[in-house]
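Please take a look at the model below before reading on. This report covers its fold, its sheet and its helices.

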Amino acid sequence: GKLLGWQPSDLLGKNLIEVVPALDLEGNMIAQDSRPLHHAFKANAPLATVASYQRKYGTVIPLSVTTRPIMVDGKAIGGVVTYRDISEEQSTAHAKSEFVTLASHQLRTPISAIAWLSELLLNGDIGRLSAEQRVHIDGIHRSNQRMADLVGEMLIVSSLDLGTLVVTPEK
């Protein structure tokens, strides 16, 4: 009711599924037979999901929705639906993903420098290394490569979270 801008008198005696629009990720209305409460009735079981709902005056809000049908003699006579605003949670998750992306990009510069310098040393471009020096520089080079791989994976995950991952199909 109040979370979506409706007063009890607005909803009394009405079917909530018909009155309060639910929207998909593209902002299109979800058909009545695809709504969470409808699925809970069909499955005769509780259902938890996330959906966007349109408030009384048109704004859209992301909600965590928990539905539980009320059954009498095997027949659904109603349902209990609990809505929880997850706007702040989604905003925090988005900010976290943006931070991970920024930090990962910033880490790439020193990682590249360490890779370049360690390769110069290992290739003998700056002079000959002793066997012990070669072992240590090789360890630095391998550890740096693992760090580069981790940063690359962090970028992929944050891009997935932000919806900015670019996929280029190839043969």
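What follows is a short walk through a predicted model, from overall shape to strand pairing to helix packing.

## Overall fold

The protein has 5 helices and 4 strands. Along the sequence they follow the pattern α-α-β-α-β-β-β-α-α. The radius of gyration is 27 Å, well over the 16 Å that the globule rule gives for 171 residues, so the protein is more spread out than a compact globule.

The box tells its own story. Taken along the principal axes, the C-alpha atoms fill roughly 85 × 35 × 35 Å.

## The sheet

The 4 strands form an open sheet. Their order is β1-β2-β3-β4, and the pairing is antiparallel. Strands β1 and β4 (75-85) stand at the edges with a single partner strand each, so one side of each is left without a neighbour in the sheet. Helix α4 packs on this sheet and touches β2, β3 and β4. The direction of α4 makes about 130° with that of β3.

As background, strands of a sheet pair through backbone hydrogen bonds, in either a parallel or an antiparallel sense.

## Strand by strand

Start with strand β1, residues 22-23. It pairs with β2 (residues 47-54) over 2 bridges, in the antiparallel sense. Ala22 has Tyr53 of β2 as its bridge partner. Leu23 has Ser52 of β2 as its bridge partner.

Ser52 also faces the other way along the sheet order: it stands opposite Pro62 in β3.

β2 and β3 form a hairpin with 5 residues between them. In that turn, Gly58 has a positive phi of about 105°.

β3 and β4 form a hairpin too, with 2 residues between them. Its turn holds Asp73, which has a positive phi of about 55°.

## The helix pair

How do α4 and α5 run relative to each other, parallel or antiparallel? Helix α4 covers residues 87-122 and helix α5 covers residues 131-162. Their axes come within 8 Å and cross at roughly 155°. An angle over 145 degrees counts as roughly antiparallel. The two helices are therefore roughly antiparallel to each other.

The crossing of α4 and α5 is left-handed. By class, their contact has 15 nonpolar, 10 polar and 7 charged residues.

## Putting it together

Helix α4 links the two parts of this description. It packs on the sheet, touching β2, β3 and β4, and its axis comes within 8 Å of that of α5.

Note on methods:
Residues numbered from 1 in each chain as written. Predicted model: local features only at pLDDT ≥ 70, side-chain atom pairs only at ≥ 80, totals over all residues. Heavy atoms only, no water. Pairing = 2+ DSSP bridges. Axes fitted to C-alpha atoms, helices over the stretch in contact; angles between N-to-C directions. Parallel < 35°, antiparallel > 145°, perpendicular 65-115°, else oblique. Left-handed = near helix turned anticlockwise from the far one by under 90°. Nonpolar A, V, L, I, M, F, W, Y, C, P; charged D, E, K, R; others polar. Contact = heavy atoms within 4.5 Å. Rg over C-alpha atoms; globule rule 2.2 N^0.38 Å.
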